Amino acid sequence: RRQPLEIPLPSEKDWLKDDEEDFFLQDPERERDALPQPVRMVTKLVMLVFDNAMEIIERREMLREAEKLKVQPTKCFATAEFQVTGTATCLAVSGKYIFVGLSVGLAAFKVSDYTEVCVWNAVKTEICAIHALDLGNEGHVLFAVDEMGLVCLFCFHKESFLLIKILNEVEDISKRSTCVEVVLSPGGDFAGVLLQGNTKAWLEIYQLPKDSWLKEMEESPGAAAGLTCGEKRLSRASVVQTSSISHSAVFSYSLLPIVDLKLSLPVLLLIVKPPKPITGSSFKNPLDALKKVDDDSVLGLGYNHLIKDSQWEQWEAIFRSTYWEYVEAEDESKSTEEMPRHATFHFLLPSQILQVRPGKKLQPDVPAGISVHWDGSHNLCFYLLNHSLKEKVDSDPNPDVVWPCAAPVVCSAVSSCSRYLALACEDATITIWDKQLGYPLSVTTILEERLIRSIHFL
């Protein structure tokens, strides 16, 4: 065409007319089909967004209703706050006092008004763990573990600290041992300290003379006045109340005189070491081994028996062809097996398994023994604690009772009444023992392949 194209004028022949007779029979959704294309596309997108938004709203409403039906945990807010010197690393509560481990020592606070009553910072070391127990008659026993792994035994009496002894202190630094765990028995009669050296670990059990401590503290005039070596008393300068439930205090300290007071030292009862690994026999020939047999089950000693070398070679060939694929070949050099480095132990009250030795007085509330199991060991060992103080400490005593298990014991727990003992093994088996009767109450196996880390009685 020679002439340019012209845009045609709009026509009304395709428009929808309101006066059509069958208009009311048409689908309402088809009204949008008469709209231009951009409008129809925008309409579909808007409706799609609206539908998705409604689905999200309904889903959130369902989740909100489900949350309302759940039991909501109780939210606890701090009722008070108190300031400490340095950084607080750990704390323990005993009676009406709160003992706080600091980066420079120890501090004691009252539970009633959160005021600081005593500070011990003679060594200027960081305290990493505190174990405290109320002994009664305003006396408390404390075990504090510092950053070097040293275990410090304290007695807290009438708002004053007294360092009794550092249990694992040695002069030679190369022989120093670090503390792994400290456990106090109920009542404070015994304490167990798990120590670890460069190549070995062991457990030390101490008897605490708590009655002697209270008597010596009462009889000492310096202790009655609340004065101890290396201790600082406080005089409150001002108290600023920030709200009805929050307090902060500012203190000034004054150094008090030094009193030389020595208390009775704890008595070392047992030193429990890990079980030795199973090694080969030291006998050179079968005759030496048969001579050590005490029973009468041996019929001959091998004097008149003859075994040829060919027979030994034949037996070795049969063994290699049958079982060698299941045996790991070891190097000719002497293999060094790693000793267990950690143990779990509990103090146990008297029972049918742990009976008091003849001549000893039975005390139902005083532990009669301990249960110990080392990492990777199948055996649960029991040791009696009612040894005479005049007896020499055995560095590696044999257990009084041994409970073998089918798999290595992973963790254990003792009930508050000390009657029930729970053992969890590597094969995911949990056994509940009744120590009073001496037999298992229940055995539970977790079907899923899971490793049990810890168990607790509720």
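Is R64 buried, partly exposed or exposed? At 42% relative accessibility, R64 counts as partly exposed, where buried stands for under 20% relative accessible area, exposed for over 50%, and partly exposed for what lies in between, with a 1.4 Å probe and protein chains only. The model is a predicted one, in which local features need pLDDT of at least 70 and side-chain atom pairs count only at pLDDT 80 or more, while totals for chains, interfaces and linings use all residues. Residues are numbered from 1 along each chain as its sequence is written, and side-chain values use heavy atoms, with hydrogens and water left out.

R64 takes part in a salt bridge with E61, the N to O distance being 3.0 Å; the term stands for a side-chain nitrogen of Lys or Arg within 4 Å of a carboxyl oxygen of Asp or Glu. Both residues belong to helix α1, which covers residues 37–69, and they are 3 residues apart, about one turn of the helix. Helices here are DSSP runs of H or I with at least four residues, strands are runs of E with at least two, and both are numbered from the N terminus.

The structure holds 6 salt bridges, and another of them joins the side chains of E67 and K70 at 3.6 Å, N to O. E67 counts as partly exposed at 42% relative accessibility. A further salt bridge is formed by K210 and D189, whose closest N and O atoms are 3.7 Å apart. This pair links distant parts of the chain, since K210 lies in helix α2 (residues 210–219) and D189 in the loop between β9 (178–184) and β10 (190–196), 21 residues apart. Here K210 is buried at 17% relative accessibility, and D189 is buried with a relative accessible area of 16%.

Helix α1 also contains V46, which together with M41, V42 and L45 makes a nonpolar surface patch of about 370 Å².

Turning to the cysteines, a search of the whole structure finds 0 disulfides, a disulfide being a pair of cysteine sulfur atoms within 2.5 Å. C90 is in no disulfide, and the nearest cysteine sulfur, that of C128, is 7.1 Å away. C90 counts as buried at 15% relative accessibility, whereas C417 is partly exposed, with a relative accessible area of 44%.

Notes:
Patch = residues over 30% accessible without salt bridge, like charges linked within 9 Å, V, L, I, M, F, W, Y side chains within 5 Å. Areas by Shrake-Rupley, 256 points an atom, 1.4 Å probe, with all protein chains shown as cover.
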